[in-house]
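This report describes a pocket, a nonpolar core and the strands that contribute to them. Please consult the sequence and the structure while reading.

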Amino acid sequence: MTDSRSVANSPAPAEVPERPALRVGWVERVDIPSWGIRRLRAKLDTGARSSALHVEHIEELEGARVRFEVVTSRARPEGRVVVEAPIVRRAKVKSSSGAVSHRLFVRVPVQLGEHCREVEVSLVGRSTMLFRMLLGRSALTPGLLVDPGARYVLSGGPRRIKRRAS
């Protein structure tokens, strides 16, 4: 039973000013500055809990470390960045198709517009997927509102090569 005197005499909680939600698109460009990766296309997927990054040539090293190649573009598969990072955990992950796989996870700061957040990322082959990176719910900063009808709200659209008129 609650003592009504203690509730009535307790100070009111401090009011926190509400900030408006920041709108982002379901597709954005992200930077991973510590790995030298800029403008990587990422799908913001509120239906996924964890995040995933397309990598190849995963090699476990001594001291709970891993070396891998990040393939930064479908259009230019030669665009690769070799990374070495500590393994933060190993886990079974169930894909959207229902397949279960064992994955290694690393942590890295990921920048989305002005927002930077350390993200736990699973290393996986996503060669059949359109996006090199998937950002799940756990990676999204509180206060972001994912607009399913918008793309590149924070990061600007894809860069196009301008052709000269002949």
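## An exposed strand residue

H57 is exposed, with a relative accessible area of 58% (exposed means over 50%, buried under 20% and partly exposed in between, with a 1.4 Å probe and protein chains only). The model is predicted, so local features need pLDDT of at least 70 and side-chain atom pairs count only at pLDDT 80 or more, while totals for chains, interfaces and linings use all residues. Residues are numbered from 1 along each chain as its sequence is written, and side-chain values use heavy atoms, without hydrogens and water.

H57 belongs to strand β3; strands are DSSP runs of E with at least two residues, numbered from the N terminus. Leaving aside residues up to four places away in sequence, H57 touches R67, F68, E69 and R80, where contact means heavy atoms within 4.5 Å. From H57 to E69 the C-alpha distance is 6.1 Å, with 12 residues of separation in sequence.

## Strand pairing

Two strands pair if DSSP finds at least two bridges between them.

| Strands | Sense | Bridges |
|---|---|---|
| β3 and β8 | parallel | four bridges |
| β7 and β8 | antiparallel | nine bridges |

H54 has V124 in β8 as its bridge partner, and V110 stands opposite R117 in β8. The hairpin of β7 and β8 has two residues between the strands, and G113 there takes a positive phi near 60 degrees.

## The largest pocket

The largest pocket holds about 840 Å³ of space. A pocket is an open set of points on a 1 Å grid over the protein atoms alone, where a 1.4 Å probe fits, with protein on both sides within 12 Å along at least five of seven lines; lining residues have an atom within 4 Å of a point. The volume is the space filled by probe spheres set on the points.

The lining comprises 36 residues, and A48, S50, V93, K94 and R103 are the closest to the pocket centre. Strand β8 gives the most to this lining, with six residues. By class, the lining has 13 nonpolar, 10 polar and 13 charged residues; Asp, Glu, Lys and Arg count as charged, Ala, Val, Leu, Ile, Met, Phe, Trp, Tyr, Cys and Pro as nonpolar, and the others, Gly among them, as polar.

## The largest nonpolar core

The largest nonpolar core has 30 residues, and W35, F68, M133 and L135 have the most contacts inside it. Such a core is a set of buried Ala, Val, Leu, Ile, Met, Phe, Trp, Tyr and Cys residues joined through side-chain atoms within 4.5 Å. Strand β7 supplies the largest share of this core, five residues.
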